[in-house]
Amino acid sequence: FAGLKRLNLADRATAIIDDTTLLPACAQGAIGIEIRAADNVAATAISRLDHQQTHITVITERAFLRVLDGSCRTPIAGLAQFDGQTIHFRGQVLSPDGKRQVQVERTGSAREAIRLGEDAAAEILRHAGPDLLGARP
């Protein structure tokens, strides 16, 4: 819906699709700020902008995407939700034609965020087979 709003086409939306029907792309909607690694002044200045729940969910989703080596052209979806205690992650990979799909779920604590995403991706790779994600180096 956000894309349609930006294009001034919001009136063409016939339904809002929730995440039980269609998972979003990993880190969809999150805003990132990049700074130099050793820039403590910038790090301090932007630290108040870091929303901890979003930070944790994005770390989980990006770990999933990194292991799958996905790009913006790869049909990979992932959504981590964090309630302050527990992360619940759902991931999915589809064939380019949408006929095949592999889904996975993981639950854990915030300190397990990266491992949850990586574990979920490893399971996808085990079940998907080499052809689902296309040729891999």
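This report describes the fold, the salt bridges, a surface patch and some backbone details of a predicted model.

**Overall architecture**

The chain contains four helices and three strands, and, read from the N terminus, these elements follow one another as α-α-α-β-β-β-α. Along the principal axes, the C-alpha atoms of the chain fill a box of roughly 50 × 40 × 30 Å. Of the 137 residues in the chain, 30% are buried, while the accessible surface comes to about 9,500 Å², with 52% of that area belonging to carbon and sulfur atoms.

The three strands form an open sheet in the order 1-2-3, and their pairing is antiparallel. Strand 1 (76-82) and strand 3 (101-109) are the edge strands, and because each has a single partner strand, one side of each is left without a neighbour in the sheet. Averaged over the sheet and with direction ignored, neighbouring strands are turned by 10° against each other. In general, the strands of a sheet pair through backbone hydrogen bonds, in either a parallel or an antiparallel manner. Here strand 2 (residues 86-94) and strand 3 run antiparallel and are joined by nine bridges, and within this part of the sheet Phe-89 stands opposite Arg-106 in strand 3.

Two helices can be described in relation to the sheet. Helix 3 (residues 52-68) lies across strand 1, strand 2 and strand 3, and runs at about 150° to strand 1. Helix 4 (residues 113-128) also packs on the sheet, where it touches strand 2 and strand 3, and its direction makes about 155° with that of strand 3.

**Salt bridges**

The structure holds six salt bridges, and three of the pairs are set out below with the N to O distance of each.

| Pair | N to O distance | Relative accessible area |
|---|---|---|
| Arg-90 and Asp-19 | 2.6 Å | Arg-90 16%, Asp-19 28% |
| Asp-39 and Arg-36 | 2.7 Å | Asp-39 18%, Arg-36 61% |
| Glu-118 and Arg-66 | 3.8 Å | Glu-118 33% |

The side chains of Arg-90 and Asp-19 meet in a salt bridge, and since Arg-90 lies in strand 2 and Asp-19 in the loop between helix 1 and helix 2, the pair ties together parts that are 71 residues apart in sequence. Arg-90 counts as buried because its relative accessibility of 16% falls under 20%, whereas Asp-19, at 28% relative accessibility, counts as partly exposed.

In the salt bridge between Asp-39 and Arg-36, Asp-39 counts as buried at 18% relative accessibility, while Arg-36 is exposed because its relative accessible area of 61% is over 50%.

The salt bridge between the side chains of Glu-118 and Arg-66 has an N to O distance of 3.8 Å, which falls within the 4 Å limit used for such pairs. Glu-118 lies in helix 4 and Arg-66 in helix 3, so this pair ties together parts that are 52 residues apart in sequence. Glu-118 is partly exposed, with a relative accessible area of 33%.

**A nonpolar surface patch**

On the surface, Ile-31, Ile-33, Ile-35 and Leu-49 form a nonpolar patch, and together these residues have about 450 Å² of accessible area. One of them, Ile-31, is found in the loop between helix 1 (2-6) and helix 2 (40-46), and Ile-31 is exposed because its relative accessible area of 80% is over 50%.

**Backbone details in the loop**

In general, most residues other than glycine have a negative phi. Against this background, Asn-8 has a positive phi, near 60°, although this residue is not a glycine, and Asn-8 lies in the loop between helix 1 and helix 2. Asn-8 is also exposed, with a relative accessible area of 67%. Ala-27, likewise not a glycine, has a positive phi of about 60°, and its place is in the loop between helix 1 and helix 2.

Key
Residues are numbered from 1 along each chain as its sequence is written. This is a predicted model: local features need pLDDT of at least 70, side-chain atom pairs count only at pLDDT 80 or more; totals for chains, interfaces and linings use all residues. Side-chain values use heavy atoms; hydrogens and water are left out. Patches are made of residues with over 30% relative accessible area and no salt bridge: like charges are joined within 9 Å, nonpolar side chains (Val, Leu, Ile, Met, Phe, Trp, Tyr) within 5 Å. Accessible areas come from the Shrake-Rupley method with a 1.4 Å probe; for residues, only the protein chains shown count as cover. Buried means under 20% relative accessible area, exposed over 50%, partly exposed in between (1.4 Å probe, protein chains only). Two strands pair if DSSP finds at least two bridges between them. Axes are lines fitted to C-alpha atoms, for helices over the stretch in contact, and angles run from 0 to 180 degrees between N-to-C directions. Contact means heavy atoms within 4.5 Å.
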